[in-house]
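Here is a short report on one protein model. Read it with the sequence and coordinates open.

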Amino acid sequence: MSDGHSYPSDVGFSPAVKAIQTRKGSRATYAEVEVHGGWRSEIDENLAGFLSEVNSFYLATASADGQPYIQHRGGPKGFIKVLDKHTIAFADYSGNRQFITQGNLSENAKAYIFVMDYAHRRRVKLWGEANVVEDDPALTRALMPQGYRARPEQVILFKVAAWDTNCPQHIPQKFDAADVAAALASRDQRIAELEAELAALKGQPAPAAPAQA
């Protein structure tokens with residue numbers, strides 16, 4: 001591993017973290033995980049597929065003196081693009097123009113992405129380095145989701161050093177409003193079809209279809 005790391009998880013498990021793991025009794029367990037693969041350092045098909053369905057995540061950066069900052073990033077499913085086994089990218093839309101994330105990355109490239117999938121009660125964590133690309137219109141156009149009403153200001157490239165998933169413990173199950181609406185519409189359509197079939201069997205006029213919202 002680069003940067004003096006023996007395992008991908010060393011990006012998160014610093015000497016100070018390992019010391020606390022030792023004191024609290026979990027170091028042996030994580031050492032066993034490290035030896036048998038542990039965290040991954042390349043984007044595989046499972047992670048790529050997961051990211052293709054993401055419409056929201058959090059990007060963490062820090063200033064040169066270590067002051068952390070977390071910013072939400074969102075867009076239609078597929079707005080995160082996998083460029084290769086180590087790189088993801090997305091168009092960065094114009095927002096409140098505070099530029100804290102960009103300022104942090106200009107002096108400290110280390111970054112972290114946290115993705116929460118409430119519907120399936122899973123979370124994915126990615127450690128790496130990020131940089132802002134402001135002067136590549138072709139790349140910006142390629143990453144901009146078709147038909148999405150936002151103004152792309154730049155591109156953020158994220159080089160993945162390590163990634164891992166967490167257990168579903170304590171994650172409340174929630175669903176996107178659009179997914180719930182689609183499920184209800186499908187249910188209502190099926191009910192209407194069954195009612196029509198039942199009416200036909202009884203020789204009665206089919207009931208009126210439910211009004212669409």
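T140 touches P152 and V155, where a touch or contact means heavy atoms within 4.5 Å. Residues up to four places away in sequence are not counted here. T140 sits in helix α5, which covers residues 137–143. Helices here are DSSP runs of H or I with at least four residues, strands are E runs of at least two, and both are numbered from the N terminus. T140 is buried, at a relative accessible area of 14%. Buried means under 20% relative accessible area, exposed means over 50%, and partly exposed lies in between, with a 1.4 Å probe and protein chains only.

This is a predicted model, in which local features need pLDDT of at least 70, side-chain atom pairs count only at pLDDT 80 or more, and totals for chains, interfaces and linings use all residues. Residues are numbered from 1 along each chain as its sequence is written, and side-chain values use heavy atoms, with hydrogens and water left out.

K77 lies between β2 (68–74) and β3 (81–84). R121 is in the loop between β5 (110–117) and β6 (122–133). H170 belongs to the loop that links β7 (152–166) and α6 (177–202). Their accessibilities are tabulated below.

| Residue | Relative accessible area | Class |
|---|---|---|
| K77 | 44% | partly exposed |
| R121 | 31% | partly exposed |
| H170 | 71% | exposed |

R121 has a phi near 55°, which is positive in a residue other than glycine. H170 also has a positive phi, near 70°, and is not glycine.

What does K77 contact, leaving aside its neighbours within four places in sequence? The partners are S52, E53, V54, N55 and D179. K77 and W163 are 86 residues apart along the chain, and their C-alpha atoms are separated by 20 Å.

Now the helix pair. Two packed helices are described by the angle between their axes and the distance between the axes. Helix α1 (residues 15–24) packs with helix α2 (residues 27–35) at an angle of about 125°, and their axes are 7 Å apart. Axes are lines fitted to C-alpha atoms, for helices over the stretch in contact, and angles run from 0 to 180 degrees between N-to-C directions. α1 and α2 are therefore oblique to each other. Under 35 degrees counts as roughly parallel, over 145 as roughly antiparallel, 65 to 115 as roughly perpendicular, and the rest as oblique. On α1 the contact uses K18, Q21 and T22; on α2 it uses R27, Y30 and E34. By class, this contact has one nonpolar, two polar and three charged residues. Ala, Val, Leu, Ile, Met, Phe, Trp, Tyr, Cys and Pro count as nonpolar, Asp, Glu, Lys and Arg as charged, and the others, Gly among them, as polar.

Finally, the whole chain. The protein has six helices and seven strands. Along the sequence they run α-α-α-β-β-β-β-α-β-β-α-β-α. The radius of gyration is 23 Å, well over the 17 Å that the globule rule gives for 213 residues, so the protein is more spread out than a compact globule. That radius is taken over C-alpha atoms, and the rule is 2.2 Å times the number of residues to the power 0.38. The C-alpha trace spans about 80 × 45 × 30 Å along its principal axes. Of the 213 residues, 31% are buried. Among contacts between residues at least 6 apart in sequence, 66% join residues at least 24 apart.
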